[in-house]
Amino acid sequence: MSTPAIGPTIVEAVVDRPAHGGESIALLDGRVILVRGTIPGERVRIELDDADAKLWRGRAVEILDASPHRIDPVCEAAAAGAGCCDLGFVDPAHAVELKRDVLLDALRRIGRFDADELPEPTVTALAPATGWRTRVRLGVDDNGRAGLRKRRSRDLVVGHDCAQNVAGLTYGLGEPGAVPAGGELHVVHDADGTRHVLHVIGSGRKRRVTRVEGSDTAVERIDGREFDVPVDGFWQAHSAAAGHYVSRIRELLPATPGGRAWDLYGGVGVLAIALADLVGPDGTVTSVESFARSAAVGRAALSDLPVEFRTGRVETVVAKLGHAVDLVVLDPPRTGAGAKTIDAIAAARPRKILHIGCDPATFARDARTWADNGYRIDALDVIDAFPGTHHLETISVLTPTS
């Protein structure tokens with residue numbers, strides 16, 4: 001006699017608050033459930049991933065009382081299972097408010113800040129909310145079809161476009177034989193509207209790069225300056241992000257004629273443009289970047305400005321600069337700057353620091369390290385530079401406490 005199949009465990013709960021990672025927190029008889037596909041305030045039916053797990057996780061299978069901020073999602077790739085637009089069902093104007101709550105929660109829990117130690121964040125939802133992505137990295141299957149990864153998987157979703165992408169970014173790349181099999185694809189839609197496609201397979205000395213379309217570099221422009229950025233290099237994904245960050249640096253940091261500034265994790269030097277304005281022709285900006293090709297692009301684009309480029313790991317280069325500094329801008333990767341780097345910067349006692357964080361947890365950890373080095377947070381910006389997703393960026397201004 002066969003054992004009857006056991007169906008999924010369904011529970012009903014009211015969603016309490018947002019959590020980082022695209023989930024929300026629901027409470028059921030005091031037990032926490034991390035739920036996908038919900039908005040705080042909604043009453044939902046939840047299918048649990050594993051009813052025997054210590055921490056319950058699940059997905060909403062029925063919305064009983066919908067939030068007024070719920071919208072119809074438009075991403076066909078996400079509907080097919082891709083892990084791209086995980087908040088595509090939330091009104092963008094409300095999504096940035098949820099991201100503010102996520103940031104403040106991280107600063108209190110991970111950063112150990114009291115509420116009265118934190119300024120009220122400003123929030124900015126970058127426009128447009130769809131069709132904003134100009135750079136994407138795709139996986140490639142054995143049939144030479146490129147696509148996005150499924151949520152928490154190496155499997156691919158091919159033949160479905162993402163609502164984030166600018167028009168035509170991935171057109172035709174999901175067809176069999178469109179590109180060499182395996183590896184990854186770097187795709188860029190540049191400032192001239194030209195598409196560039198590079199296929200990359202392997203790593204280190206075994207890394208092989210094949211140009212599929214366009215060239216190895218993509219033209220990007222900001223402030224009337226032109227950058228020839230490597231297709232597999234870094235440039236802000238949202239079409240409006242780079243300009244917004246340059247503007248905010250000019251607004252948030254003081255003019256310091258003749259001063260000294262550091263642009264750390266500087267990439268091609270976009271943020272150094274704003275720092276050069278603040279210190280003027282008699283000042284000096286040092287931009288530090290580990291990727292030598294990006295630094296070379298910056299030298300060419302900013303040759304008329306008082307900007308010098310150093311190539312190397314930030315914590316190593318900063319420790320060797322050997323002088324005090326007035327202004328510092330740092331834009332570390334998702335892993336954060338880390339204590340060693342922050343300690344090295346703080347030793348130079350900058351008057352103002354502008355720290356850009358792209359992960360709330362690692363930013364909160366870094367913010368605690370700044371506080372331990374005698375810096376307070378004077379301003380916080382929450383920027384939704386990744387509409388339709390759970391990702392957020394933070395701009396903070398830090399000032400010595402004494």
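Contact here means heavy atoms within 4.5 Å. The model is predicted: local features need pLDDT of at least 70 and side-chain atom pairs count only at pLDDT 80 or more, while totals for chains, interfaces and linings use all residues. Residues are numbered from 1 along each chain as its sequence is written, and side-chain values use heavy atoms, with hydrogens and water left out.

View 1. H6 spans residues 314–321; helices (H or I, at least four residues) and strands (E, at least two) are DSSP runs, numbered from the N terminus. Val314, Glu315, Val317, Val318 and Leu321 are the buried residues of H6. They lie on the same side of the helix because they cover an arc of only 165° around the axis, the arc being that of the directions from the helix axis to the C-beta atoms. An α-helix has 3.6 residues a turn, so residues three or four places apart point the same way. Ala319 and Lys320, on the other side of H6, are exposed. Buried means under 20% relative accessible area, exposed over 50% and partly exposed in between (1.4 Å probe, protein chains only). Strands E15 (260–264), E16 (284–289) and E17 (307–311) and helix H7 (339–346) pack against the buried residues of H6.

**View 2. Aromatic pairs.** There are three aromatic pairs in the structure. Rings of Phe, Tyr and Trp (its six-membered ring) pair if their centres lie within 6.5 Å; planes under 30 degrees apart count as stacked, over 60 as edge-to-face and the rest as tilted. One of the pairs, Phe227 with Trp235, is tilted, at 5.7 Å centre to centre and 55° between the planes. Phe227 is buried at 0% relative accessible area, and Trp235 is buried at 9%. Trp370 and Tyr375 form an edge-to-face pair, 5.6 Å centre to centre with 70° between the planes. Trp370 and Tyr375 are both buried.

**View 3. The largest cavity.** The structure has two cavities of 30 Å³ or more. On a 1 Å grid over the protein atoms alone, a cavity is a set of points where a 1.4 Å probe fits but cannot get out, and a pocket is an open set with protein on both sides within 12 Å along at least five of seven lines; lining residues have an atom within 4 Å of a point. The largest cavity has a volume of about 120 Å³, a volume being the space filled by probe spheres set on the points, which are joined across faces, edges and corners. It is lined by 15 residues, with Pro18, Ala19, Glu23, Leu87 and Val102 closest to its centre. Strand E2 (23–28) and helix H2 (92–109) each give two or more residues to this lining.

**View 4. The second largest cavity.** This cavity holds about 40 Å³. Its lining includes Pro332, Arg334, His355, Cys358 and Asp366. Helix H8 gives the most to the lining, three residues.

**View 5. The second largest pocket.** The second largest pocket holds about 250 Å³. Among its 21 lining residues, Gly159, His160, Asp161, Thr170 and Gly174 lie nearest the centre. Strand E8 gives the most to the lining of this pocket, with three residues.
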